[in-house]
Amino acid sequence: VKERLGRGDPEFLPAYEQLVSDADMALKAGVYSVTFKDKVPPSGSKNDYMSMAPYWWPDPEKPDGLPYISRDGEVNPERDNLDSIPLKKMIDSVRALSMAWFFSDKKEYAEKAAVLLRTWFLEKETLMNPHLNYGQAIPGHVEGRFIGIIDGRFFAVLVDAIALLETSGALAENEVDGLEEWFERYFRWLTESEFGKHEGNYDNNHSVAYDVQACAIAYYLGKDDYVAQKVG
């Protein structure tokens with residue numbers, strides 16, 4: 001595709017122009033971190049990822065609104081103030097930037113993607129701890145749920161982008177190692193924690209999303225036996 005774009009082949013031009021537009025927007029945007037939220041997770045550390053179940057609202061009959069009550073199909077906008085939206089924005093940006101670098105050879109795209117990854121995964125002050133213990137919380141009920149693991153489904157896209165970006169030179173060798181170490185620790189949590197075991201056996205769209213996420217990360221880490229076991 002890159003060779004055909006270089007020859008002026010118009011077939012892929014609209015997709016390329018959209019990709020560059022997305023990457024240019026990511027260049028102008030800031031960085032993202034779990035530590036930027038206002039709320040503090042139950043652990044006391046903003047480095048822990050936190051999200052809220054979408055269909056739960058404050059109980060209007062309770063002074064503090066607790067415990068939250070279910071309003072099926074109505075999304076509580078409070079969830080937008082936590083970490084699920086920044087996580088998706090970070091992943092979308094890294095994906096667009098890494099691919100735009102590959103097709104355009106413009107180093108600034110790769111460099112911005114590297115900054116986003118450093119902020120989210122590597123820098124001590126802003127990194128995300130490698131677990132989702134506080135995903136899909138319901139205030140007044142539970143601090144986190146195993147179904148919150150579905151929040152990490154887009155890691156499947158991110159690890160491909162990281163593998164591509166590693167060929168750009170924008171990440172130092174120790175940063176490449178640091179990213180692999182982060183995903184190694186997250187993979188262990190994903191496959192060995194009680195939350196991870198429950199999600200993997202949930203037997204619906206959640207378990208499918210779990211397998212996609214776990215297999216993509218395993219492939220990125222060179223754990224081919226795990227992937228073969230899942231798809232065999």
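Let's begin on the surface: Val31, Phe36 and Val115 form a nonpolar patch there, and together they have about 230 Å² of accessible area. Keep in mind that this is a predicted model.

**The surface patch and a buried tyrosine**

- One member of the patch, Phe36, lies in the loop between α2 (13-28) and β1 (50-52).
- Tyrosine 32 is also placed in the loop between α2 and β1.
- Is tyrosine 32 buried or exposed? Its relative accessibility is 16%, so it counts as buried, the cut-off being under 20%.
- What does tyrosine 32 touch, once you skip its neighbours within four places in sequence? Its contacts are Pro86, Lys89, Met90, Ser93, Leu116, Thr119 and Trp120.

- Helix α5 covers residues 155-165, and its buried residues are Phe155, Ala156, Leu158, Val159, Ala161, Ile162 and Leu165.
- Here's a handy bit of background: an α-helix has 3.6 residues a turn, so residues three or four places apart point the same way.
- You can look for that pattern in the buried list, which includes Phe155, Leu158, Ile162 and Leu165.
- Which helices do the buried residues of α5 pack against? They pack against α3 (84-104), α4 (107-122), α6 (173-192) and α8 (205-220).

**The largest pocket**

- Rolling a probe the size of a water molecule over the atoms shows where empty space is left.
- The largest pocket has a volume of about 230 Å³.
- Its lining is made of 14 residues, and the ones nearest the centre are Arg79, Ser84, Gln136, Asp151 and Arg153.
- Two helices, α3 and α8, each supply at least two residues of that lining.
- Which element gives the most to the lining? That's α3, with four residues.

- Most residues other than glycine have a negative phi, and most peptide bonds are trans.
- Leucine 66 to proline 67 is a peptide bond to check out: it is cis, with omega near -10 degrees.
- Proline 67 is found in the loop between β2 (56-57) and β3 (69-70).
- Aspartate 105 isn't a glycine, yet its phi is positive, near 65 degrees. You'll find aspartate 105 in the loop between α3 and α4.
- Aspartate 203 is not a glycine either, and it has a positive phi of about 65 degrees. Its place is the loop between α7 (194-200) and α8.
- Aspartate 203 has a relative accessible area of 70%, so it counts as exposed, which takes over 50%.

**Salt bridges**

- Side chains of opposite charge can pair when their charged atoms come close.
- How many salt bridges does a search of the whole structure find? It finds 13.
- Aspartate 105 turns up again here, in a salt bridge with lysine 2 whose closest N and O atoms are 3.0 Å apart. This pair links distant parts of the chain, because aspartate 105 sits in the loop between α3 and α4 while lysine 2 is in helix α1 (residues 2-6), 103 residues away.
- Within this pair, aspartate 105 is exposed at 52% relative accessibility, and lysine 2 is partly exposed at 30%.
- Glutamate 175 forms a salt bridge with arginine 118, with 2.4 Å between the closest N and O atoms. Glutamate 175 lies in helix α6 and arginine 118 in helix α4, so the pair ties together parts that are 57 residues apart in sequence.
- Glutamate 175 is buried, with a relative accessible area of 14%.
- Lysine 230 and aspartate 211 also meet through their side chains in a salt bridge, at 3.0 Å from N to O. Lysine 230 is in helix α9 (residues 224-231) and aspartate 211 is in helix α8, 19 residues apart.
- Lysine 230 is partly exposed at 35% relative accessibility, and aspartate 211 is partly exposed at 27%.
- Salt bridges that share partners also join Arg4, Asp9 and Glu11 into one network.

Methods: Residues numbered from 1 in each chain as written. Predicted model: local features only at pLDDT ≥ 70, side-chain atom pairs only at ≥ 80, totals over all residues. Heavy atoms only, no water. Patch = residues over 30% accessible without salt bridge, like charges linked within 9 Å, V, L, I, M, F, W, Y side chains within 5 Å. Areas by Shrake-Rupley, 256 points an atom, 1.4 Å probe, with all protein chains shown as cover. Salt bridge = Lys/Arg side-chain N within 4 Å of Asp/Glu carboxyl O. Buried < 20%, exposed > 50% of the residue type's maximum accessible area, 1.4 Å probe, protein only. Contact = heavy atoms within 4.5 Å. 1 Å grid on protein atoms, 1.4 Å probe; cavity = no way out; pocket = protein on both sides within 12 Å on 5 of 7 lines; lining within 4 Å. Points joined across faces, edges and corners; volume = space filled by probe spheres on them.
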